Amino acid sequence: MIKNKAVINTGNRIELEGIMFMQEAELSLSACKNVLGVSAVSRILNYEALNGELRISGRLTAKILYENMEDGVESQDYSREFAETVQMDITANDK
């Protein structure tokens, strides 16, 4: 069984239990008639365990597919780097 697994749809926003941090993508669409699909991937690229904290860096990539006002289909991409520091009971020797 996978922990923190949830189905997220456009009508609901679900907060997962036991997460350390959350990244969000904000896409601004002009002339959007209907959202057809959303895909998002967050990747941890590097981490460092220190005394009392965990430093994490990564990249968030998202794509949205939508119907425009002229009944055509368009998409928009979003990408950004992130860095988080999580306070936790950890030492520099932990991996």
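In which strand does E67 lie? E67 belongs to strand β2. The model is predicted: local features require pLDDT of at least 70 and side-chain atom pairs pLDDT 80 or more, whereas totals for chains, interfaces and linings use all residues. Residues are numbered from 1 along each chain as its sequence is written, and side-chain values use heavy atoms, with hydrogens and water left out.

The protein contains 0 helices and 3 strands (DSSP runs numbered from the N terminus; helices are H or I with at least four residues, strands E with at least two). Along the sequence the pattern is β-β-β. The strands form an open sheet in the order β1-β2-β3, with antiparallel pairing (two strands pair if DSSP finds at least two bridges between them). β1 (32-50) and β3 are the edge strands, each pairing on one side only. β2 and β3 are joined in the antiparallel sense by 15 bridges. L65 stands opposite S75 in β3.

Of the 95 residues, 17% are buried (buried is under 20% relative accessible area, exposed over 50%, partly exposed in between; 1.4 Å probe, protein chains only). The largest nonpolar core has 6 residues: A49, L54, I56, F82, V86 and I90. Such a core is a set of buried Ala, Val, Leu, Ile, Met, Phe, Trp, Tyr and Cys residues joined through side-chain atoms within 4.5 Å. I90 touches A49, L50, N51, G52 and E53, with residues up to four places away in sequence not counted. Contact here means heavy atoms within 4.5 Å.

The salt bridges number 4 (a side-chain nitrogen of Lys or Arg within 4 Å of a carboxyl oxygen of Asp or Glu). One of them joins D71 and K33, at 2.6 Å from N to O. This pair spans 38 residues, from D71 in the loop between β2 and β3 to K33 in strand β1. D71 is exposed at 51% relative accessible area; K33 is partly exposed at 45%. D77 and K63 also form a salt bridge, with closest N and O atoms 2.6 Å apart. D77 sits in strand β3 and K63 in strand β2, 14 residues apart. R55 bridges to E53 at 2.9 Å. R55 is partly exposed at 40%, while E53 is buried at 15%.

E67 is buried yet has no salt bridge. The nearest side chain of opposite charge, K33, is 4.1 Å away. Lys and Arg count as positive, Asp and Glu as negative; His and the chain ends are not counted. Beyond its neighbours within four places in sequence, E67 contacts A31, C32, K33, N34, L36 and G72.
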